[in-house]
Amino acid sequence: MSELDYQFAGLPLHVLLVHAVVVLFPLIGLSVVLSAAIAPLRRALWLVNLIAAVGLAALVFFTIEAGKWLEQRVPAAPLIQAHTAVGDQLLPWAFAVVGGAMLVAVQHRLGPRLSTAQLRWIALMLSIATLAVLVLGTLKLVQIGEAGTRAVWSGSFSDVPLQR
């Protein structure tokens, strides 16, 4: 099996995929949190959230693989190593979003069989858990992005405008 060529239009695909992850991770995570907390949203979005969360996990995995491909094609540098060292750490958070979406789906399916008090308790606990995943996963995403930004831009620009 040959290695994938992680390029698009002559650009490293990792650089393009990162932007999708940065937007979709918090968006899908927020949708899962709101669906856990608000019954009408849960009824409308449980399946969409589940599909989107699985797609997000696949996107995160593919982005990491594209990053590994890119790492092999740039000179070794401590800032790049720092970025790649934290880059793999987003995948467990993406799987946690999938887990949250699965629990919201179960919550939706069990809803008619449970009492109002049980539903409220489940909604509260699931909302807290999915909110924690959203916040902690987004913080990890920011940490990874900050390390990547430093790897690309440190020493690459002037503090003052250049004379043209």
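1. Val133 sits in helix H5, where helices (H or I, at least four residues) and strands (E, at least two) are DSSP runs numbered from the N terminus. With a relative accessible area of 18%, Val133 is buried; buried means under 20% relative accessible area, exposed over 50%, and partly exposed in between (1.4 Å probe, protein chains only). Leaving out residues up to four places away in sequence, Val133 touches Trp93, Ala96, Val97 and Thr138, contact being heavy atoms within 4.5 Å. Pro26 is 107 residues from Val133 in sequence, and their C-alpha atoms are 10.0 Å apart.

2. A word on what you are looking at: this is a predicted model, where local features need pLDDT of at least 70 and side-chain atom pairs count only at pLDDT 80 or more, while totals for chains, interfaces and linings use all residues. Residues are numbered from 1 along each chain as its sequence is written, and side-chain values use heavy atoms, with hydrogens and water left out.

3. Now the helix pair. H1 (residues 13–37) packs against H5 (residues 116–153) at an angle of about 170°, and their axes are 8 Å apart. Axes here are lines fitted to C-alpha atoms, for helices over the stretch in contact, and angles run from 0 to 180 degrees between N-to-C directions. H1 and H5 are therefore roughly antiparallel (under 35 degrees counts as roughly parallel, over 145 as roughly antiparallel, 65 to 115 as roughly perpendicular, and the rest as oblique).

4. Who does the touching? On the H1 side the residues include Val21, Val22, Phe25, Pro26, Gly29 and Leu30. Across from them, H5 brings Ala123, Leu126, Ser127, Thr130, Leu131, Leu134, Gly137, Thr138 and Leu141. The residues of this contact split into 14 nonpolar, 5 polar and no charged. For that tally, Ala, Val, Leu, Ile, Met, Phe, Trp, Tyr, Cys and Pro count as nonpolar, Asp, Glu, Lys and Arg as charged, and the others, Gly among them, as polar.

5. Apart from neighbours within four places in sequence, Leu141 is in contact with Val21, Val22, Phe25, Pro26 and Leu90. Val22 is 119 residues from Leu141 along the chain, yet their C-alpha atoms are separated by 7.2 Å.

6. Buried residues in H4 are Leu91, Ala94, Val97, Val98, Gly100, Ala101, Val104, Ala105, Gln107 and His108. Their cover includes H1, helix H2 (39–71) and H5. Ala96 also lies in H4, but at 26% relative accessibility it counts as partly exposed. Ala96 and Ala44 are 52 residues apart in sequence, with 21 Å between their C-alpha atoms.

7. How many salt bridges does the structure hold? There are 2, a salt bridge being a side-chain nitrogen of Lys or Arg within 4 Å of a carboxyl oxygen of Asp or Glu. One joins the side chains of Glu65 and Lys68 (3.5 Å, N to O). Both residues belong to H2, 3 residues apart, about one turn of the helix. Glu65 is partly exposed at 24% relative accessible area, and Lys68 is partly exposed at 37%.

8. Arg150 and Glu146 form a salt bridge too (2.2 Å, N to O). This pair is in H5, 4 residues apart, again about one turn of the helix. An α-helix has 3.6 residues a turn, so residues three or four places apart point the same way. Arg150 is partly exposed, with a relative accessible area of 45%, and Glu146 is partly exposed at 37%.

9. Last, have a look at Ala9, in the loop between strand S1 (7–8) and strand S2 (11–12). Its phi is near 50°, a positive value in a residue other than glycine. Most residues other than glycine have a negative phi. At 72% relative accessibility, Ala9 counts as exposed.
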